[in-house]
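Try each task before reading its solution.

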Amino acid sequence: MLEKTEVIILKRVLAFVMVLALACTVTISAFAATYAEQKALESAIAYLEVSTFSYSGMISQLEYEGYTRTEAIYGALACGADWNEQAYQSAQAYLDLMSFSYDDLVGQLEYEGFTAEQAAYGATKALYGTEALAQTESA
């Protein structure tokens, strides 16, 4: 019969092995991208070089281009975008054109498809700078 500590250790080892197996599956599936998924990824990367996008906005753009929903999601997930930074860059672009209150800027970013958290990040960084983000995160 196993001791209580041995059972705990075995459970932890099993959990680790399961996480490792899942990570391997995700990595392997990344290499098994279809030709169309790879093209969607290339398009997503190209779009990010010239404009800012929310995750949902990127998917919509790729679907508009003719990619299937699955291919578009793959492109958006695999493109490596930092969606918080995309929200910040978008917020900065708006502020370069006109003034916004914090709430209005957050609302505009959410309208573009950024999550509430991403929009808050982008608006805070654009309006108040990086130090304000550090204070917000520590609060």
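**Exercise 1: The overall build**

From the N terminus on, the elements run α-α-α-α-α-α-α-α. This is a predicted model, in which local features need pLDDT of at least 70 and side-chain atom pairs count only at pLDDT 80 or more, while totals for chains, interfaces and linings use all residues. Residues are numbered from 1 along each chain as its sequence is written, and side-chain values use heavy atoms, with hydrogens and water left out.

Task: state how many helices and strands the protein has, and what share of its residues is buried.

Step 1. Helices (H or I, at least four residues) and strands (E, at least two) are DSSP runs, numbered from the N terminus. The protein has eight helices and zero strands.

Step 2. Buried means under 20% relative accessible area, exposed over 50%, and partly exposed in between (1.4 Å probe, protein chains only). Of the 139 residues, 28% are buried.

**Exercise 2: Helix α3 and a serine in α2**

Task: find the buried residues of α3 and the helices they pack against, then decide whether Ser 43 is buried or exposed.

Step 1. In helix α3 (residues 55-64), the buried residues are Gly 57, Met 58, Ile 59 and Leu 62.

Step 2. Contact means heavy atoms within 4.5 Å. The buried residues of α3 pack against α2 (35-50), α4 (69-78) and α5 (83-97).

Step 3. Now look at Ser 43, which lies in helix α2. Its relative accessible area is 13%, so Ser 43 is buried.

Step 4. Leaving aside neighbours within four places in sequence, Ser 43 is in contact with Leu 62, Glu 65 and Tyr 67.

Step 5. After α3 comes Gly 66, which has a positive phi, near 115°.

**Exercise 3: Where α5 meets α6**

Task: describe how α5 and helix α6 cross, and say which residues meet there.

Step 1. Axes are lines fitted to C-alpha atoms, for helices over the stretch in contact, and angles run from 0 to 180 degrees between N-to-C directions. The axes of α5 and α6 (residues 102-111) come within 10 Å and cross at roughly 120°.

Step 2. Angles under 35 degrees count as roughly parallel, over 145 as roughly antiparallel, 65 to 115 as roughly perpendicular and the rest as oblique. The helices α5 and α6 are therefore oblique to each other.

Step 3. Ala 87, Ser 90, Ala 91, Tyr 94 and Leu 95 of α5 meet Leu 105, Gln 108 and Leu 109 of α6.
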